[in-house]
Amino acid sequence: MENIETVFLPFYTDDYPKSGLSAVGGSSTEAGAVKAEEEHFVDKHRKELIQRVSNIKPILDGLFQEKVLLDEAYDRIRSLATSQDQMREIFLCMKAGDACKNIFLSILQENERFLISELKG
């Protein structure tokens, strides 16, 4: 049986700006050195955000304006009775990736400044 050497081609983060990937070198030994990214802030603090964010309307409006939420999701979330249920539904929409989570975090920082500061603290 022949030995087959694995070759990793380099790529640049500019090639995939929203992928969350880091540039990787060209050999298999370098690939082993790539570390997994840290958990995103909104994922790490999911429970606290669901329980403590209460001013949902401007957050929904911001997510809708940034096109993170489409009409159907926006209307469905607004119709939910409690802020906790609304936040849970927003989190379901955030599974699309880090780009959406970054927008969500930015909107949270604008509307829940003290809570986000406390969680970062």
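Gln 86 sits in helix α6, which spans residues 83–93 (helices are DSSP runs of H or I of at least four residues, strands are E runs of at least two, both numbered from the N terminus). The model is predicted, so local features need pLDDT of at least 70 and side-chain atom pairs count only at pLDDT 80 or more, while totals for chains, interfaces and linings use all residues. Residues are numbered from 1 along each chain as its sequence is written, and side-chain values use heavy atoms, with hydrogens and water left out.

The chain holds 8 helices and 0 strands. Of its 121 residues, 31% count as buried (under 20% relative accessible area, with a 1.4 Å probe and protein chains only).

Gln 86 belongs to the buried group, at a relative accessible area of 12%. Leaving aside residues up to four places away in sequence, Gln 86 touches Ile 56, Ile 77, Arg 78 and Leu 80 (contact means heavy atoms within 4.5 Å). A polar atom of the Gln 86 side chain lies 3.3 Å from the backbone oxygen of Ile 77.

Turning to the helix pair, α5 (residues 71–78) packs on α6 at an angle of about 160°, with the axes 9 Å apart (axes are lines fitted to C-alpha atoms, for helices over the stretch in contact, and angles run from 0 to 180 degrees between N-to-C directions). The two helices are therefore roughly antiparallel (angles over 145 degrees). On the α5 side, the contact is made by Ala 73, Arg 76, Ile 77 and Arg 78, and on the α6 side by Gln 86, Glu 89, Ile 90 and Cys 93.

How values were computed
Buried < 20%, exposed > 50% of the residue type's maximum accessible area, 1.4 Å probe, protein only. Polar contact = N/O pair within 3.5 Å; in protein donor to acceptor, adjacent residues only side chain to side chain. Parallel < 35°, antiparallel > 145°, perpendicular 65-115°, else oblique.
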